[in-house]
Amino acid sequence: MLLELHVKNLALIEQADVEFGDGLNILTGETGAGKSIIIGSVNLALGQKAPKEMIRSGSEYAYVELIFSVEEEKRALLKQMDIYPDDDGTLIIARKIMPTRSVSKINDETVTIAKLKEVTGLLIDIHGQHEHQSLLHASKHLEILDTYAKSQISPIKEKTANLYREYGMWKARLEELSGDEESRRREYDFLQFEVDEIEQAGLREGEEEELTEKYRFYSNGRKIAESLAVAYEAVNSEMVGRAIHEVGEVVDYDQELRPIQDQLYDAESLLDDVHHAIGSYLEGISFDEEEMRQIEERLDLIHNLQAKYGGTVAEISRTLEEKQKRLEELEHFDDYRREAEKGLEKAEKQLEIVCGELSEARKKAAVILTEKIRERLLDLNFLDVKFSMNFKRLPHYTAGGFDEAEFVISTNPGEPERSLGLVASGGELSRIMLAIKTVLADTDEIPTLIFDEIDTGISGRTAQKVSEQLAIISKNHQVICITHLPQIAAMADEHFEIAKSAENGKTRTAIHELDETQMISELARLLGGVEITGAVLENAKEMKLLAEKTREEKRCH
């Protein structure tokens, strides 16, 4: 769950530190106080686009940090992503936003935004107006169904995906074997030319290097001969012989000259050997211009083949194998095509059967899911509601089967069920999503859920019903919810107030946890507005007591 949120230099927030608790965490505050900034800061930490305008005026950067406590089963999943919480399960997500870039870190290790989203997707889920609107897209509905019934559906979906890959492979294979006879003949002739060209070249490993070395020798032959001739004349023992004679004249006068005399004898012998070696090399050296021409032609051939078929002999050999394989296919084209047709036919039959099994499993699960959602919608003050799921067959297969499914609803007696987009308002969409999340709560493995704008377009009894559903969800999940309705705020296990103030000509947003007395005062403000009378306070106290009683009752069921 989310233990702490730290925000610094973000929009109106100079610095804010929040310690969230278990159950239902409620955030309230006056309009314009900056409630949206709190959710926005969490979104930024989770990888949302970070515009530089979010940096507080006069600051060099903005910083958001989320501290999670990760349970054992999630640690195993994170380990597969090469992410390791501390021994006590602590995981720190941080993001620093600067004018030109942003940096995201997990436990002090820099990560990409993609990796950040992958990791946080296991830990926290934010439900705002955007997701409510996603209910207007039918593709989301099938995703919800598959999530609800994943224990029954996932194995069949995996089997479907594997068969779809096989089906796609045979389909692509058959497409490769298409084309008219004339085009195949032209392709065959060209491939045969290329295969002959490579085979006739008779390339071998290391040949290019050997020929290049020889060519370098031949192309520099004159320079080699001239340089060695000069060296031959320079390396002689005349000067060393003179030195030996002069030292020999005086060596008897000082025994310390003996080593010098010995070194001179050695030098004379060495120079004689070098002189002889150079002479022998020069006598044996020859430059065959015809051989040089042949080497040059062979290198040109090798380089030409490399440009056409691959940079190395190994690559050219692989290209040759591929072209020989394709030639063999063209020679036995009819046999291969019949094989592909049979393979595709078999794969399609198998895929059709498994897609049918998947569709049936979904339809059975949809009956149960939609009935549970309908019951929750009744709890959310949809007085007479029908809710079901329509299935259509796609004209083609996909890795997820051939189903196209859509939730349909009727909110008035006698009216037919229709698409959500044709019936539901924004407020109703938020309640439908809440109903769905309540039903999914038992199977949803994400520990922390954030609800923003869940109270859009509702009040009175409906608001009370929404608060009860939030209490149910928060039995097994940590729930963080921003609201302006007292009925929802009264249900809080933990209550935080977001307030705006002005100091030294600057506006600041701060957030702090409320004690029991402050909770009553905040509820009274939500109930009574500007003027809070004794009667309003008493009403607030009673609302809080009733909410706590209701919360315990809902969580006991």
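V64 stands opposite R95 in strand 5. In this predicted model, residues are numbered from 1 along each chain as its sequence is written. Local features need pLDDT of at least 70, side-chain atom pairs count only at pLDDT 80 or more, totals for chains, interfaces and linings use all residues, and side-chain values use heavy atoms, with hydrogens and water left out.

**Strand 5 and its sheet**

Helices (H or I, at least four residues) and strands (E, at least two) are DSSP runs, numbered from the N terminus. Two strands pair if DSSP finds at least two bridges between them. Strand 4 (residues 62-69) and strand 5 run antiparallel and are joined by 8 bridges. On to strand 6 (residues 102-106), which pairs with strand 5 in the antiparallel sense over 5 bridges. Strand 5 and strand 6 form a hairpin, with 4 residues between them, and K96 stands opposite V103 in strand 6. K96 also lies over the face of Y61, at 4.6 Å from the ring centre; a charge sits over a ring if NZ of Lys or CZ of Arg is within 6 Å of the ring centre and within 35 degrees of the ring normal.

Is strand 5 (residues 90-97) enclosed or open? Of its 8 residues, 6 are buried, so strand 5 is largely enclosed by the rest of the structure. Buried means under 20% relative accessible area, exposed over 50%, and partly exposed in between (1.4 Å probe, protein chains only).

These strands belong to an open sheet of 6 strands in the order 2-1-4-5-6-7, with antiparallel pairing. Strand 2 and strand 7 (109-111) stand at the edges with a single partner strand each, so one side of each is left without a neighbour in the sheet. Neighbouring strands of this sheet are turned by 15 degrees against each other on average, direction ignored. Strand 6 and strand 7 run antiparallel, joined by 3 bridges, and S104 stands opposite V111 in strand 7. Helix 1 packs on this sheet, touching strand 1 (2-10), strand 2, strand 4 and strand 5, and its direction makes about 100 degrees with that of strand 1. Contact means heavy atoms within 4.5 Å. Axes are lines fitted to C-alpha atoms, for helices over the stretch in contact, and angles run from 0 to 180 degrees between N-to-C directions.

Another open sheet of 6 strands has the order 8-12-13-3-14-15 and mixed pairing. Strand 8 (124-127) and strand 15 (506-513) are its edges, each with a single partner strand, so one side of each has no neighbour in the sheet. Strand 14 and strand 15 run antiparallel and are joined by 8 bridges. Helix 1 (residues 35-45) lies across strands of this sheet too, including strand 3 and strand 8, and runs at about 140 degrees to strand 8.

**Rings that meet**

The whole structure holds 4 aromatic pairs. Rings of Phe, Tyr and Trp (its six-membered ring) pair if their centres lie within 6.5 Å; planes under 30 degrees apart count as stacked, over 60 as edge-to-face and the rest as tilted. Two of the pairs are set out here.

| Pair | Centre distance | Plane angle and type |
|---|---|---|
| F20 and F496 | 5.5 Å | 70 degrees, edge-to-face |
| Y167 and Y397 | 5.4 Å | 70 degrees, edge-to-face |

F20 lies in the loop between strand 2 (13-19) and strand 3 (24-28) and F496 in strand 14 (residues 494-503), so the pair ties together parts that are 476 residues apart in sequence. F20 and F496 are buried, and both Y167 and Y397 are buried. Y164, Y167 and Y397 form one aromatic cluster. Elsewhere, the charged end of R393 sits over the ring of F402, 4.0 Å from its centre.

**Helices and single residues**

The axes of helix 5 (residues 138-148) and helix 6 come within 6 Å and cross at roughly 110 degrees. That makes helix 5 roughly perpendicular to helix 6; angles under 35 degrees count as roughly parallel, over 145 as roughly antiparallel, 65 to 115 as roughly perpendicular and the rest as oblique.

T462 sits in helix 17 (residues 460-473) and is buried, with a relative accessible area of 10%. V230, in helix 9 (residues 221-234), counts as exposed at 58% relative accessibility.
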